[in-house]
Amino acid sequence: MSVLSKCTQKIWLTPFWVQKMSAMLESPHTHAEGMCLLTSVLVRAQLISQELIESFSQWLDCPSANLQLTAMAFFAELMKDPPIEGRNVLKILSVFTEKAQHRSSTIRQMAARALGNAVSSVPVEVQKHRRPVVQVLQQSLADTACPEVVAESMVALAELVRVLQAVNLGSAFEDIARSTKMFFESELEYLRYSAFRLYSVLASSASVKRSFFAGEVQKHGSAFSCTSGIPTLQLPACARSPSVTVLHLWG
């Protein structure tokens, strides 16, 4: 609350947003998103100090799952533009891959988000650490009891493929593509969106996998028409019709 008060005094947050953010932070259901929002404010206000980073780093290993979640949400947002370099980045990436297997589904979700944001901000470091990153995100696709984790993992994988290209997935490429298709007809719109987004990125970046996608269209052509149940405005152009991308590669 002292941080929120300081932001208000500096006119970085209006009283309305302070009240809204406080409510988010106090609720177990929205705490992680509230922490991400608060961190974004701190970044814009240039209030992220090395001391603050070290404090949250200590919470990552705290016995309290609540403190671990707060720290993970902080780093998930911070990884969009991390003031961390060299060995410290590789170290924190190792922590993220470990937390992606945590018993708390919300911590797993924040870990996947952190990995996805890291791909864009520190691609060289992620490239060095790509094998465990790909492995843990691929495993998360099987976490069907926690759709938020699955969706976040697919978003992270889409970013990884976009930045590092499909070849970096190695033998996991086809398994990830097949796992992704399982969510095309999900009742959850955000899960369908994430699945189409990832599959589209896979298809458009995989010039060496044309035969694979051609076979997928032949076997499961009808599955690619299920975008009709998703509002067009809520899908990016590349995700509105994965079959268009796949058929283009086939032809």
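Predicted model: local features only at pLDDT ≥ 70, side-chain atom pairs only at ≥ 80, totals over all residues.
D143 and R108 are both buried, where buried stands for under 20% relative accessible area, exposed for over 50% and partly exposed for anything in between, using a 1.4 Å probe on protein chains only. Residues are numbered from 1 along each chain as its sequence is written, and side-chain values use heavy atoms, with hydrogens and water left out.The overall picture comes next. The protein chain has 14 helices and zero strands, with helices taken as DSSP runs of H or I of at least four residues, strands as runs of E of at least two, and both numbered from the N terminus. Read from the N terminus, the order of elements is α-α-α-α-α-α-α-α-α-α-α-α-α-α. Of the 251 residues in the protein chain, 51% are buried. For contacts (heavy atoms within 4.5 Å), 64% of those between residues at least 6 apart in sequence join residues at least 24 apart.

Back to the opening pair. The side chains of D143 and R108 form a salt bridge at 2.8 Å, N to O, the term being used for a side-chain nitrogen of Lys or Arg within 4 Å of a carboxyl oxygen of Asp or Glu. This bridge ties together distant parts of the chain, 35 residues apart, with D143 in the loop between α9 and α10 and R108 in helix α7. By the same rule, the count of salt bridges comes to six.

Another of these bridges joins E152 and R113, at 3.1 Å from N to O. Here too distant parts of the chain are linked: E152 belongs to helix α10 and R113 to helix α7, 39 residues apart. E152 is buried at a relative accessible area of 14%, and R113 also counts as buried, at 16%. The pair belongs to a network of salt bridges that links E33, R113 and E152. Elsewhere, E77 and K80 meet through their side chains in a salt bridge of 3.2 Å, N to O. E77 has a relative accessibility of 13%, so this residue counts as buried.

Helix α7 (residues 105-121) also holds A112. With a relative accessible area of 1%, A112 is buried. The C-alpha atoms of A112 and E152 are separated by 5.9 Å, although the two residues are 40 apart along the chain. Once neighbours within four places in sequence are set aside, the contacts of A112 are L137, E152, S153 and A156.

Helix α9 (residues 130-140) and helix α10 (residues 147-164) pack at an angle of about 145°, and their axes are 8 Å apart. Axes are lines fitted to C-alpha atoms, for helices over the stretch in contact, and angles run from 0 to 180 degrees between N-to-C directions. The crossing of α9 and α10 is left-handed, a label for a near helix turned anticlockwise from the far one by less than a right angle, with right-handed used if the turn is clockwise. On the α9 side, the contact is made by V133, V134, L137, Q138 and S140, and on the α10 side by V149, V150, S153, A156, L157 and L160. Sorted by class, the contact has eight nonpolar residues, three polar ones and no charged ones. In this sorting, Ala, Val, Leu, Ile, Met, Phe, Trp, Tyr, Cys and Pro are nonpolar, Asp, Glu, Lys and Arg are charged, and the others, Gly among them, are polar.

Then there are the rings. The structure holds five aromatic pairs. Rings of Phe, Tyr and Trp (its six-membered ring) pair if their centres lie within 6.5 Å, and planes under 30 degrees apart count as stacked, over 60 as edge-to-face and the rest as tilted. F184 and F196 have ring centres 4.4 Å apart and planes at 10°, so this pair is stacked. The two sit in distant parts of the chain, 12 residues apart, with F184 in the loop between α11 (172-181) and α12 (189-205) and F196 in helix α12. F184 is buried at a relative accessible area of 1%, and F196 counts as buried at 0%.

F184 also pairs with Y199, this time edge-to-face, at 5.3 Å centre to centre and 80° between the planes. Y199 lies in helix α12, 15 residues apart from F184, and is buried with a relative accessible area of 0%. In another group, F56, W59, F74 and F75 form one aromatic cluster.
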